[in-house]
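Notebook open, viewer up. I want to go through the helices, domains and core one by one.

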Amino acid sequence: MRTPPRPIDVTAALPELAAHARETTRLHPRPGAPTTADSSIGGPLLWPADEPWPVCSAPRMVRRGEPVPPTLTAGLKQAQAEREERRRSGLGSRPTREQLALLDDPALRGKSVNLVDYTAHWYEPEAHPEPNPLVAIAQLHARDIPTVAFPSGTDLLQVLWCPTDHQDLPGQTRYWGPAVHLVWRRAADVTPAPNHRGTAPPDPHDANDSYLPAPCVLHPEQVTEYQYADLLPHSPPDAPLDALRDRLHALDDLWESETGYSYQYDLSIAPGCKAGGWASWHLTDPVAVDCRCGAPMDVLLTLDSREWDGGSKSWRPVEDVVADQVGAAGPTGLTHGRWGALRIFVCPTDPTHAHRLNIQ
Ligand SMILES: [Zn+2]
Ligand SMILES: [Zn+2]
């Protein structure tokens, strides 16, 4: 598949941006029937017959709910009626002081309260009833993703995860999502399964549908990306705005008003599933992702809920513009957070150092 040329050549306007370019491989997953010999998302893995299938023993987050204690319900109902009244009178719909005080009651603290049916909800870590078999998420041959540096002696990356929500996994900070497991192999070392469909892995006992991928074949394509704007060199406060990021901001305003295209959505970082390249930080602003060895980590794999959306339509492959490809915007069926992207970061010094996870 082919990404249309970027509508504006950013290095023609700002030649120094070339030093902040990186190649990424857009994977372009589309529903299909991949075999163990192929790179895929949601396809079968080339798995050694004598190697146990990995399982998850980390606690997953389970939703709990109960009615709000009757001693608090009457007060909350009255406060809610007053709030509704204020909203109807155009005085805003912010919670009243009484309501906030009641919601801060020790019985409700840390819980979200539904003010329609007066139930309280929260999440608690709970062990899987038994170790949960992982699900195959992606298999990527080095030949298909030249934008990723493989550990020496390996040429096959396999990504599996426990398809439930976990919080505070070892080595992760502020992360909520599936527990990811990476395997780096040399494909030639694996005795292929006789039928190219692979050994049938055990089904997980616990699974969220949004973490179970539809089998997709890949159409890898390399494109050039440029670093997220806020991570480019910028001028210190009170200094003249002449650093790269500041000149980019000025040009970006011009591009946006004249063409409708912007650096963030059209000219820098590709949306969709991809291997290597740069990470976007549009949700939280940049967060440092460092390895335990101290090295700043690189994004290995981005698993996006959509291949593009209304704001990043310029990245839609040319094949999808002419064909009826309505489903192409979310071919894998995976969704993260509110239609976000799960990113797996690895250490550039040694990709086998513990990976880190982030969702934007
Ligand atoms: Zn788990
Ligand atoms: Zn490291």
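My helices (H or I, at least four residues) and strands (E, at least two) are DSSP runs, numbered from the N terminus. The model is predicted, so I let local features in at pLDDT of at least 70 and side-chain atom pairs only at pLDDT 80 or more, while totals for chains, interfaces and linings use all residues. Residues count from 1 along each chain as its sequence is written, and chains are lettered from A and ligands numbered from 1 in the order in which they are written.

Looked up what comes after H2: Gly90 follows, with a positive phi near 75°.

Next, domains, with bounds from an automatic or database assignment. Domain 1 is 10-59 + 128-359 and domain 2 is 63-124. Their centres, taken over C-alpha atoms, are 39 Å apart.

I find 54 residues in it, and Ile137 and Trp161 touch the most other members. E10 (156-167) is among the elements supplying at least two residues, and gives the most, six.

I checked E10 itself: nine of its 12 residues are buried. It pairs (at least two DSSP bridges) antiparallel with E9 through six bridges and antiparallel with E11 through nine. Leu157 in E10 sits opposite Leu140, and Val159 has Leu182 in E11 as its bridge partner.

How values were computed:
A nonpolar core is a set of buried Ala, Val, Leu, Ile, Met, Phe, Trp, Tyr and Cys residues joined through C-beta atoms within 7 Å. A residue is buried if 20 or more other C-beta atoms lie within 10 Å of its own, exposed if 12 or fewer, and partly exposed in between; C-beta atoms are placed from the backbone.
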